[in-house]
Amino acid sequence: MMNLAKVLAFALLAPVVFSNVLIAQTIPDNPKLSLTIKALNSEVAQGSEFGIAITITNTSEESITLDFGHYGGMPRGYDFDIRDEQGKPVARYGKRYRQLPNGNTLQYPSELPGSFRDGGIQPGKSIEQGAMLSEVYQFDHPGKYTIQASRKVPGVSVVYSNTITITVLPAESKSPEDQPPAQK
Amino acid sequence: MSYGVDSGYDKKAWSAWGPETVVPGITFTSPTNPSNGAYSFVQLIAKDTATYTQGKNGTLSCPTIPGLDGVYPYPSQPPDYAHTWDAPAVPLELFDSKVSRTFKATMYLLWTSTIPGSIPVPIGSQKWYFTQASTTNQGYPTDKSWTTPIWNLIGEDGNPVDYVVSTPSLTPYGYPTWKGLATDAPVPNCPTDNTQEDEEQQ
């Protein structure tokens, strides 16, 4: 009976205890880095600017040098899997992308201004990068969107982040973060 | 902290779009005095405007809202992690007759004690800028044949410039603060603005 209670307690607590582990995902053959993403605002009005913060942590015991270039509000080296409530991938064209009559998209300028840079991450340290997703992706209807980031590190495998959900509200609404404080 | 121009607008960066070919446009270093603590950097962008001229079709000017330069802390270089660099660039297009960029930023140097629980404290900063760094496409509109970029950066290659010690009587003083990432201003379609160049010259 005592053993059963322990099993039940473990089963109930495991999701809580290990949730932090699940947030920062690594893959077994590449434990050198972990990626964690968080939304700067969990609710945003359609058409407004919004981004996420990506925390990249060196979980190895050696320094790792990475590309930290940043262009047009977006960091280099990442891929983003963004889907709407129906699981449909979000189109990758933001305000600087134009849809041509033939259905193709054109970005002008084709590359955005930014900075070349690289840098190291010491063992156990993290660096946080911002990614203005609204610059590149088309959140064109209200609803919930899931976002996952990934990064391919040269010579090793792809590292995936946790998946977060943001809610895009109708354009005329304001996210709670944008509301003025209540008057007393 | 001192900084020096290593190469200006790096020619390789203009012809190839990848960090493996880049020579730093500017390098920031930390004090050489022995320290048990660790240095870190934060860069805030005060102004960043890329301007694309398309011959007689006018000029497309794309400003940026000031803020954090994309990353915190600003990545530094191993093994000592006491220096870093930046190499702002602007893309080239066949149909641009001229591209230019104005960039103004402040690099902050912070130091963290080795005492457990310590937080970074600002010890200095360095404002730096270039104004209307530009190049002209001599092959416009059918080819790309770029003139040597005019960098317009303060200082000359290798010049060390003393940093501003963080003291109440000097600005900027204290911690770097920002409201968000430096990102493109929400200007629909990045509109044509033929007055931008003139405004920047003032």
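Author: Two residues are in contact if their C-beta atoms, placed from the backbone, lie within 7 Å. The model is predicted.

Reader: How many residues of chain A are in contact with chain B?

Author: By that cut-off, 31 residues of chain A are in contact with 33 residues of chain B. On the chain A side, β5 (64–67), β11 (114–116), β12 (118–121) and β13 (126–131) each supply at least two residues. β13(A) gives the most, with four. The chain A side divides into eight nonpolar, 15 polar and eight charged residues.

Reader: What makes β11(A) and β8(B) a pair?

Author: Pairing takes at least two bridges between the strands. Three bridges join β11(A) to β8 (residues 83–89) of chain B, so the two strands pair. They run antiparallel. A:G114 stands opposite B:A89 in β8(B).

Reader: Why is B:Y81 called buried?

Author: A residue is buried if 20 or more other C-beta atoms lie within 10 Å of its own. B:Y81 has 21, so B:Y81 is buried. B:Y81 lies in the loop between β7 and β8 of chain B.

Reader: What is the phi of B:Y81?

Author: B:Y81 has a positive phi of about 55 degrees, although it is not a glycine. Most residues other than glycine have a negative phi.

Reader: Which residues does a cis peptide bond join in the loop that holds B:P73?

Author: A cis peptide bond joins B:Y72 and B:P73, with omega about -15 degrees. B:P73 is in the loop between β7 (71–72) and β8 of chain B. A cis bond also joins B:Y140 and B:P141, with omega about 5 degrees. B:P141 is in the loop between β10 (121–136) and β11 (161–162) of chain B. Most peptide bonds are trans.

Conventions:
Residues numbered from 1 in each chain as written. Chains lettered and ligands numbered in written order. Predicted model: local features only at pLDDT ≥ 70, side-chain atom pairs only at ≥ 80, totals over all residues. Nonpolar A, V, L, I, M, F, W, Y, C, P; charged D, E, K, R; others polar. Buried ≥ 20, exposed ≤ 12 C-beta atoms within 10 Å, placed from the backbone.
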